[in-house]
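Welcome, and please have your viewer ready. We will go from one selection to the next and look at what is there.

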Amino acid sequence: MNIKKIALALVGIIVVTLFFYFDMQRYLTLTALKANRQTLLDYYAAHKLVMVAGFMAIYIIQTALSLPGAAILSLAAGAIFGSIMGTVYANIAATLGATLAFLVTRYLLRDVVLNKFGSKLEGMNRELEKRGFSYLLFLRLVPLFPFFLINLAAGLTRIPLRTFFFGTMLGIIPGGFVYVNAGASLATIDSLSGIASPRVLGSFTLLGLFALVPVLYNKIKNRKHSPN
């Protein structure tokens, strides 16, 4: 491992350590968001560009380092920026953060991730290698696996960076919008568990199945043309 890789790894370790040492997670709760919403809105009214840039930087770091708080950040996007622009900012930040995690896994922490999650990622890796964009879209739409685990799994495969980037960006739009839109009506939310209802999850599952249609079509087509 060269000096640049060691330096990047140390920076990541330091940020994660500081996050938990100073208990920054206490600011990423529904209670804290409700208590500070007006302060955040006032700051946004006075410093729009700084607020957007700061929010996106925090979201990118959280996603890249797989830190807790993604749901609260999505709610915050809706509470501060509104449903539409909040979705745009959260989507771009989450995609960039996921892409950084993907690149770090591919070029820096491959052996570490394999040792820790290798057996759990084997099936996902195999499908990502074969199906590429369609399977990635399915994984993003259907919440079968944790978001961070998909980033790590994809980083271990030969899936192209552009495929990962656009598959992630498109795949997280529906789920992201649900949370951001909920954040726009923050006062009505009592718990995070009520946001993603069974009906919403069922809709995501249907969308995910549509993403697999090209895969199923190719399988059927190959069977028809394969020799008996």
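Does Pro-143 count as buried or exposed, and at what relative accessibility? Select Pro-143: it counts as exposed because its relative accessibility is 51% (buried is under 20% relative accessible area, exposed over 50%, partly exposed in between, with a 1.4 Å probe and protein chains only). Before moving on, note that this is a predicted model, in which local features need pLDDT of at least 70, side-chain atom pairs count only at pLDDT 80 or more, and totals for chains, interfaces and linings use all residues. Residues are numbered from 1 along each chain as its sequence is written, and side-chain values use heavy atoms, with hydrogens and water left out.

Pro-143 sits in the loop between helix 7 (133-141) and helix 8 (147-155); helices here are DSSP runs of H or I with at least four residues, numbered from the N terminus.

Next, select helix 7. Eight of its nine residues are buried, so helix 7 is largely enclosed by the rest of the structure. The buried ones are Ser-134, Tyr-135, Leu-136, Leu-137, Phe-138, Leu-139, Arg-140 and Leu-141.

Go on to helix 1 (residues 3-21), where you will find Tyr-21. Tyr-21 counts as exposed because its relative accessibility is 67%.

Two loop residues come next. Asp-23, in the loop between helix 1 and helix 2 (30-46), has a positive phi near 50° and is partly exposed at 39%. Ser-66, in the loop between helix 3 (48-64) and helix 4 (70-81), is not a glycine but has a positive phi of about 55°; Ser-66 is partly exposed at 35%.

Finally, show helix 3 with helix 5 (residues 83-107): they pack at an angle of about 35°, with axes 7 Å apart (lines fitted to C-alpha atoms over the stretch in contact, with angles from 0 to 180 degrees between N-to-C directions). Contacts (heavy atoms within 4.5 Å) involve residues including Phe-55 and Tyr-59 of helix 3 and Tyr-89 and Leu-96 of helix 5.
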